[in-house]
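Here is a short tour of a protein model, written to be read with the sequence and the coordinates open beside it.

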Amino acid sequence: MHVHEGTSWAWGAGNRDAATQHFGALKEANPTLWNGPVFLCSDIRVEEQVLKGNVLRTDYAAYLYHRALDWPDTSLKLLFGSAFIQAANGALLFGRMSQQTTSPGVVVAPSGGLGADDVQNNRIDPIATAFRECEEEFGISLSQTEHPTYFAAIGRSLCVYVHA
């Protein structure tokens, strides 16, 4: 998927002041929040077994404000990578979100939003994100082996799942 650098998200740009104010209130309640990059995608399709679409970079403040308003720009989905880790007995590995996040206590597979390191030559690598998050959150390295990869549009998100 191609990242359109320099292309602004019209909704995010038009709501910058409100998003900044909203994020400030969240950060006051939770000082550990960080306003890093977030990638949103549109025009999602699969062509010849390749996931394609347009990706815009915004920041966490704009994304959180957009989410708080129940996703008014329905043309976009949040893009993130996730790993489903299956134990030998068939059980799946999940974790509980920290109290320092905007979704404390939620049970999820190791996952996370794409970071600046996941963009190379204006292309994104959500599989690398899944590998990184698995190592950061569970101490399990997946980068040495190949794993089946699945893409799923779930609600307002485009998930890239690595089955390990």
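K27 is a handy place to begin, and it sits in helix 2, which spans residues 16-29. Helices (H or I, at least four residues) and strands (E, at least two) are DSSP runs, numbered from the N terminus. This is a predicted model, in which local features need pLDDT of at least 70 and side-chain atom pairs count only at pLDDT 80 or more, while totals for chains, interfaces and linings use all residues. Residues are numbered from 1 along each chain as its sequence is written, and side-chain values use heavy atoms, with hydrogens and water left out.

**Around K27**

Is K27 buried or exposed, or partly exposed? K27 counts as partly exposed because its relative accessibility is 32%. The cut-offs are these: buried means under 20% relative accessible area, exposed over 50%, and partly exposed in between (1.4 Å probe, protein chains only). Setting aside neighbours within four places in sequence, K27 is in contact with T32 and L33, where contact means heavy atoms within 4.5 Å. The C-alpha atoms of K27 and A61 are 9.9 Å apart, although 34 residues separate the two in sequence.

**Helix 2 against helix 3**

Two packed helices are described by the angle between their axes and the distance between the axes. The axes of helix 2 and helix 3 (residues 60-68) come within 8 Å and cross at roughly 90°, which means that helix 2 is roughly perpendicular to helix 3. Axes here are lines fitted to C-alpha atoms, for helices over the stretch in contact, with angles from 0 to 180 degrees between N-to-C directions. Angles under 35 degrees count as roughly parallel, over 145 as roughly antiparallel, 65 to 115 as roughly perpendicular, and the rest as oblique.

Which residues meet here? From helix 2 come R16, A18, A19, H22, F23 and L26, and they meet Y60, A61, A62, L64, Y65 and A68 of helix 3. By class, this contact has 10 nonpolar, 1 polar and 1 charged residues. Ala, Val, Leu, Ile, Met, Phe, Trp, Tyr, Cys and Pro count as nonpolar, Asp, Glu, Lys and Arg as charged, and the others, Gly among them, as polar.

Helix 3 is largely enclosed by the rest of the structure, because 7 of its 9 residues are buried. Those buried in helix 3 are Y60, A61, A62, Y63, L64, Y65 and H66. Their cover includes helix 1 (10-14), helix 2, strand 2, strand 3 and strand 4.

Just after helix 3, D70 takes a positive phi of about 65°. W71, in the loop between helix 3 and strand 4, also has a positive phi, about 60°, although it is not a glycine. W71 counts as buried because its relative accessible area is 6%.

**Strand pairing**

Helix 4 (residues 126-138) has 13 residues and reaches 18 Å from its first C-alpha to its last, close to the 18 Å expected at 1.5 Å a residue; the expected span is 1.5 Å times one less than the number of residues. P126, T129, A130, F131, E133 and C134 are buried in helix 4. G139 follows helix 4, with a positive phi near 70°.

**The whole protein**

The protein has 4 helices and 11 strands, and 37% of its 164 residues count as buried. Among contacts between residues at least 6 apart in sequence, 61% join residues at least 24 apart.
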